Amino acid sequence: MAKRFLRSIVSDFQTLTASVDITPIDLPVNPLSHLILTLALTKNVAAQATALGQVIIPIMQQITDLSIRHRGENIIQGSLQDLAVMNALLHGTPPAVGEFAQADNEIQFLSFILSLSRRPYWHEEAFPATQRGNLRFHMTAGAISALYDAALWALEAVELIEDEPTRFIKYTTQTRTIAATGRQKIPLPIGNDILGLLLFDPNDEVD
């Protein structure tokens, strides 16, 4: 018989206040496969842009920093834009997008997977069971886009309630000021095997 999983609501929809840290949220104690973060923003009547990229990017940029911390140590950390791209590449699941209506007060939403495994629901790879209060979700909101005039957020968790995973994925973010010219050298994290690297720079760089 197949093993069971539990999808639960960690935090139901609540207001996302611009330029403020949320109150940290305790995550479930069972082995954790992945989280699903949903952002729902209310459309501004003056904003008529409905192309997919124009919907996704302003919503992602609403979250300037997001982390999952175990006893204060970062397991996942980065901007939502970086984490969304990394997860889409990692397991082939882009953010789910809903509602393209232009009318005032229509709600557009994005749902993001934040995976602790190379494959969601994988019995061998997930964050292991822990005690209540040890694993917490943190998030910082930036200024809201002029395309929207209100924002909500919600968080779900997928727990592998019959598993004892032996490994999990950890995300590390490093930020460096890029020199104007010449080859760039950036030290990589040590102590863990490296699965992959995601690079971003607002200017053009040549390998």
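**Figure 1. Confidence along the chain.** The mean pLDDT of the chain, the predictor's confidence in each residue from 0 to 100, is 86, and 89% of the residues score at least 70. Helices (H or I, at least four residues) and strands (E, at least two) are DSSP runs numbered from the N terminus. Among these elements, strand S8 (residues 135-141) has the highest mean pLDDT, 97, and helix H1 (residues 52-60) the lowest, 75. Where pLDDT is low, the predicted coordinates should not be read in detail.

**Figure 2. The largest nonpolar core and Phe137.** A nonpolar core is a set of buried Ala, Val, Leu, Ile, Met, Phe, Trp, Tyr and Cys residues joined through side-chain atoms within 4.5 Å; buried means under 20% relative accessible area, exposed over 50%, and partly exposed in between (1.4 Å probe, protein chains only). The largest core holds 38 residues, of which Leu37, Leu39, Leu66, Phe137 and Trp153 touch the most other members. Elements giving two or more residues to this core include H1, helix H2 (80-91), S8 and strand S9 (148-159). Beyond four places in sequence, the contacts of Phe137 (heavy atoms within 4.5 Å) include Ile22, Pro24, Leu66, Leu114 and Trp153.

**Figure 3. Salt bridges between the two ends of the chain.** A salt bridge is a side-chain nitrogen of Lys or Arg within 4 Å of a carboxyl oxygen of Asp or Glu, and the count by this rule is seven. Glu162 and Arg4 form one of them, with their closest N and O atoms 2.8 Å apart. Because Glu162 lies in the segment after S9 and Arg4 in the segment before S1, this pair ties together parts 158 residues apart in sequence. Both residues are partly exposed, Glu162 at 33% relative accessibility and Arg4 at 49%.

**Figure 4. Arg167 and its partners.** Arg167 forms a salt bridge with Glu125, the closest N and O atoms being 2.8 Å apart. This pair links the segment after S9, which holds Arg167, to the loop between S7 and S8, which holds Glu125. Glu125 is buried, at 2% relative accessible area, whereas Arg167 is partly exposed at 31%. A network of salt bridges links Arg118, Glu124, Glu125 and Arg167. The charged end of Arg167 also sits over the ring of Trp122, 5.0 Å from its centre; the rule requires NZ of Lys or CZ of Arg within 6 Å of the ring centre and within 35 degrees of the ring normal. Arg119 lies over the face of Trp122 at 4.0 Å from the ring centre.

**Figure 5. Surroundings of Leu32.** Leu32 lies in strand S3 and is buried, with a relative accessible area of 1%. Its contacts beyond four places in sequence include Leu27, Leu116, Phe127 and Ala157. The C-alpha atoms of Leu32 and Pro120 are separated by 9.6 Å.

How values were computed: Residues are numbered from 1 along each chain as its sequence is written. This is a predicted model: local features need pLDDT of at least 70, side-chain atom pairs count only at pLDDT 80 or more; totals for chains, interfaces and linings use all residues. Side-chain values use heavy atoms; hydrogens and water are left out.
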